[in-house]
Amino acid sequence: MRNIVLAVATTILAAAMPAQAQTALVGGTLIDGTGGDAVEDAVIVVENGRIACAGPRSTCSIPAGAAVQDVSGRFITPGLIDAHVHFSQTGWLDGRPDGLNNPDVYPYAATVQALREDPDRWHRSYLCSGVTGVFDVGGAPWTVTGAHRETEGRADRAHVRAAGPLITWLDSLNALFAPGPLADQPTFLPMESEEQVRADIARLAAMGSDAVKVWFIAPPSPDDGVRLDALMMVAGEAAREAGLPLIVHATELEAAKTALRAGANMLVHSVADDVVDEEFIALLLANDATYAPTLVVGRNWVRAIVSAATGEVVNVRDDNRCVDEALMGLIADPGVATAAVLAGTNGRVTPLANAFELIGREGVIMAQNLRAVRDAGGRIVLATDAGNPLTLHGPSVYDEMEAMQAAGMSPGEIIRAATANGAIAMGMADTVGILREGMTADLLVLAEDPRANIAAFRSLTHVMREGELHTQQELQQR
Ligand SMILES: [Zn+2]
């Protein structure tokens with residue numbers, strides 16, 4: 001019933017507005033992304049893709065001749081920013097040959113080719129979900145140089161920032177991610193020596209990367225740990241010299257501290273092995289660094305592996321029909337991979353049982369650490385790790401925001417994380433993330449009040465990008 005009512009209402013609103021005209025959204029409740037009080041009965045005037053005025057009626061007069069859209073009873077927020085995605089991953093096991101390597105089941109080279117040939121696949125899913133900006137924090141060089149990054153001035157695409165190949169000691173994984181014909185597209189760059197690390201960063205700068213990403217995973221031995229800590233410091237120094245932000249995958253407390261000492265500007269995941277201490281908080285704040293919790297991705301990985309191992313179809317929420325038919329088809333047919341998964345685990349189910357136990361333990365620690373960073377005033381962003389199995393480009397933002405709420409963040413804190421803070425993480429705070437004069441007109445219209453429950457983002461009726469208003473129905477893919 002609700003859908004029918006919404007459909008009628010949105011058809012009236014839909015009367016597609018030319019992007020160049022002045023448009024006024026009138027009567028809604030404005031939540032501008034700053035974390036300040038909402039404005040009831042607001043007026044938002046949009047002109048040439050920019051916000052000309054946003055505030056109470058007494059401040060923002062409706063220009064004569066503007067196309068007026070009545071949004072009374074609705075809620076206006078900035079577009080969502082997902083500060084951790086991967087354009088080179090699909091949302092299922094076909095995009096992760098390190099998780100399930102069986103070309104007969106999921107031919108990886110073909111998967112990559114399809115991703116490169118359809119740069120709008122994820123853009124469609126993002127806009128449909130209300131996501132108007134994403135930070136791709138690691139992938140093959142084409143994730144930096146490819147057509148999907150042509151986004152500015154494009155009302156049909158989300159803003160993109162991209163880090164490109166990951167610097168790591170485990171660059172041998174290129175054998176899986178960049179085999180044969182993909183050899184010129186290494187996902188990983190070596191972290192064996194100071195010279196290599198400096199050369200990696202020069203290469204990233206030359207290809208146009210927006211950040212230096214270090215995949216700072218647990219070292220193979222303690223001796224290697226000492227060496228890699230030193231190389232982390234080199235990476236920080238070289239990133240600063242290149243003028244690029246340093247972003248780091250470091251999920252263990254000591255590794256995260258090392259990354260921050262090296263100058264990390266963003267930790268792309270929670271610290272998950274232990275509760276954060278005062279030293280960690282002090283380092284995070286001293287760097288003015290961003291903390292990306294990524295609460296749902298680990299659990300989704302385990303669900304995906306179990307689904308493939310058992311052939312049981314998992315329930316994924318995409319109420320707004322943003323994910324394409326082909327991907328939903330793969331998720332709905334996990335049994336094709338069962339034999340391959342069981343072969344990979346040698347028929348043992350212990351690894352899976354252990355994975356569930358670990359995910360549960362880490363979940364408690366991650367929630368506690370998120371509250372600690374929040375309480376200390378650290379900058380938190382919305383970050384899904386979309387592209388990993390069952391963490392879907394687009395709709396996973398709702399799952400992640402609801403997990404942040406369950407972990408103890410207030411809706412207001414989550415909205416700020418998902419908008420203004422995301423813009424800071426992307427280096428775009430001057431143009432997006434807040435609804436005020438001069439900013440790009442990227443905004444959402446919601447039917448329900450997100451201040452009461454962050455799940456209200458699932459009720460979005462409209463997405464405006466660069467001043468062009470789309471109904472949610474127009475953006476659906478199924
Ligand atoms: Zn990631």
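Tyrosine 291 is buried in this predicted model. Its relative accessible area is 0%, and the cut-off for buried is under 20%. Phenylalanine 280 is buried too, because its relative accessible area is 0%.

These two residues form a ring pair. The ring centres of phenylalanine 280 and tyrosine 291 lie 6.3 Å apart. Their planes meet at 75°, so the pair is edge-to-face. Phenylalanine 280 sits in helix α9 (residues 278-286), while tyrosine 291 belongs to strand β14. The pair therefore ties together parts that are 11 residues apart in sequence.

Now follow strand β14 into its sheet. Strand β13 (residues 266-267) runs parallel to strand β14 (residues 290-291), and 2 bridges join them. Methionine 266 has threonine 290 in β14 as its bridge partner. The open sheet has 7 strands with parallel pairing, in the order β10-β9-β11-β12-β13-β14-β15. At its edges are β10 (188-190) and β15 (379-380), each pairing on one side only.

Back to the aromatic rings. The model holds 5 aromatic pairs. One of them joins phenylalanine 87 and tyrosine 126: the centres are 5.9 Å apart and the planes stand at 70°, so this pair is edge-to-face. Phenylalanine 87 lies in the loop between β6 (80-85) and α2 (108-117), and tyrosine 126 in helix α3 (residues 120-129). The pair thus ties together parts that are 39 residues apart in sequence. Phenylalanine 87 is buried, at 2% relative accessible area. Tyrosine 126 is buried as well, at 0% relative accessibility.

Ring pairs also build a cluster. Its members are Tyr108, Phe177, Phe188 and Trp215.

Methods:
Residues are numbered from 1 along each chain as its sequence is written. This is a predicted model: local features need pLDDT of at least 70, side-chain atom pairs count only at pLDDT 80 or more; totals for chains, interfaces and linings use all residues. Side-chain values use heavy atoms; hydrogens and water are left out. Two strands pair if DSSP finds at least two bridges between them. Helices (H or I, at least four residues) and strands (E, at least two) are DSSP runs, numbered from the N terminus. Rings of Phe, Tyr and Trp (its six-membered ring) pair if their centres lie within 6.5 Å; planes under 30 degrees apart count as stacked, over 60 as edge-to-face and the rest as tilted. Buried means under 20% relative accessible area, exposed over 50%, partly exposed in between (1.4 Å probe, protein chains only).
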